[in-house]
Amino acid sequence: MDHKIAYELLDSYAFGILDEGERVAVEDHLSTGCAVCAGRLREVSELSVRLASTVPQVEVPAHVKEQLMSRIGMTHHPVRSHRHSERAPRSGWLGIAWGTAAVSLAAAGFLLWQTNALREQLETSNRLLAETSRSTEQMQTELASVRDELKKYQHGPVLGEPGVRFVSLAGLDPNPQAFGNVVTRPDKSAGMLYVYRFPMAPEDKEYQLWGLRDGKPPISLGMFNVNTDGTAMLNMETIPAGEEIVGFSITIEPKGGMPEPTGMMYVKGMDPMEEENGG
């Protein structure tokens with residue numbers, strides 16, 4: 001497999017969606033020591049870890065699991081042994097009476113202990129059921145919130161989609177710690193922007209994403225604001241066709257956006273496939 005074909009398949013290889021023949025061919029190419037492809041594979045792998053970390057994850061509280069497992073282990077209780085060291089006389093109504101009374105007391109004690117144990121188990125089960133119900137309600141609320149958030153990006157590219165393209169955005173002065181990634185469909189008809197470590201914009205400002213073109217002015221691809229933790233996502237549902245975008249940059253502009261960049265540039269990145277093809 002030649003270098004160009006292997007390079008184009010690296011994104012799909014990283015997400016494990018190649019067939020057996022393509023996977024073996026890519027691995028054979030990587031075994032030749034191609035530094036360009038090895039570097040790109042590391043970059044895509046690191047990006048997949050970053051994107052996974054943005055996904056909120058929910059699990060049942062540990063104390064609920066522990067209490068449930070503990071209660072399962074206590075389902076069978078040892079029965080205390082009640083013995084009588086005294087034997088009823090072979091004759092005489094007094095000995096028989098005392099023996100009968102002892103047996104009755106033992107039986108009553110066992111029934112009382114069993115009743116208390118069952119009552120305690122029932123109370124514990126009800127308490128665990130209530131805690132599980134509260135946890136379930138919280139999980140359902142959080143899941144609904146995640147679903148509402150995902151609906152905003154349902155038309156964006158799927159990470160496992162064959163040929164999906166990644167562009168890394170590096171931070172510039174005076175905010176070099178900022179970074180981001182753009183994920184687009186193979187034909188760049190739609191895409192998603194992910195940014196990290198961005199400062200909050202002033203009330204009268206917004207961030208604006210630009211598509212960089214070879215020998216032409218940049219085109220606007222959308223406006224966005226960041227969350228309090230410095231992260232943001234932007235769904236580029238439609239990217240103008242035939243624009244031959246070779247890279248992306250982000251500037252801070254007046255609210256509502258500008259037809260051309262006028263503010264400070266925060267991040268910038270070029271499409272490695274375009275650079276590989278001499279774009």
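This is a predicted model: local features need pLDDT of at least 70, side-chain atom pairs count only at pLDDT 80 or more; totals for chains, interfaces and linings use all residues.
Let me start with helix 2, which spans residues 20–30. Its buried residues are Ala25, Val26 and His29. Viewed down the axis of helix 2, these buried residues fall within an arc of 100°, and they therefore line one face of the helix. At the N-terminal end, helix 2 is capped by Asp19. A side-chain oxygen of Asp19 lies 3.2 Å from the backbone nitrogen of Gly21.

The secondary structure amounts to six helices and eight strands. In sequence order the pattern reads α-α-α-α-α-β-β-β-β-β-β-β-β-α. The chain has 279 residues, of which 31% count as buried. Its accessible surface comes to about 17,500 Å², and carbon and sulfur atoms contribute 56% of that area. As for contacts with a separation of 6 or more, 64% of them involve residues 24 or more positions apart.

I turn next to the strands, with strand 2 as the focus. Why is strand 2, residues 179–184, described as largely enclosed by the rest of the structure? The reason is that five of its six residues are buried. Strand 2 has pairing partners in strand 1 and strand 3. With strand 1, residues 165–171, strand 2 pairs in the antiparallel sense over six bridges. Within that pairing, Phe166 stands opposite Val183 of strand 2. With strand 3, residues 191–196, the pairing is again antiparallel, over six bridges. Here Gly180 stands opposite Val195 of strand 3. Strands 2 and 3 form a hairpin with six residues between the strands. In that hairpin, Lys188 takes a positive phi near 60°.

Where in the chain is Glu243 placed? The residue sits in the loop between strand 6, residues 232–236, and strand 7, residues 245–254. Which residues does Glu243 contact, leaving aside neighbours within four places in sequence? They are Arg213 and Ile219. There is also a C-alpha distance to note: Glu243 and Asp214 are 29 residues apart along the chain, and their C-alpha atoms are separated by 9.3 Å.

To close, I return to two points. The buried residues of helix 2 line one face of that helix, because they fall within an arc of 100°. Strand 2 pairs in the antiparallel sense with strand 1 and with strand 3.

How values were computed. Residues are numbered from 1 along each chain as its sequence is written. Side-chain values use heavy atoms; hydrogens and water are left out. Buried means under 20% relative accessible area, exposed over 50%, partly exposed in between (1.4 Å probe, protein chains only). Helices (H or I, at least four residues) and strands (E, at least two) are DSSP runs, numbered from the N terminus. Two strands pair if DSSP finds at least two bridges between them. Contact means heavy atoms within 4.5 Å. Accessible areas come from the Shrake-Rupley method with a 1.4 Å probe; for residues, only the protein chains shown count as cover. The arc is that of the directions from the helix axis to the C-beta atoms. A polar contact is a pair of N or O atoms within 3.5 Å; within protein, one must be able to donate a hydrogen and the other to accept it, and residues adjacent in sequence count only if both atoms are side-chain atoms.
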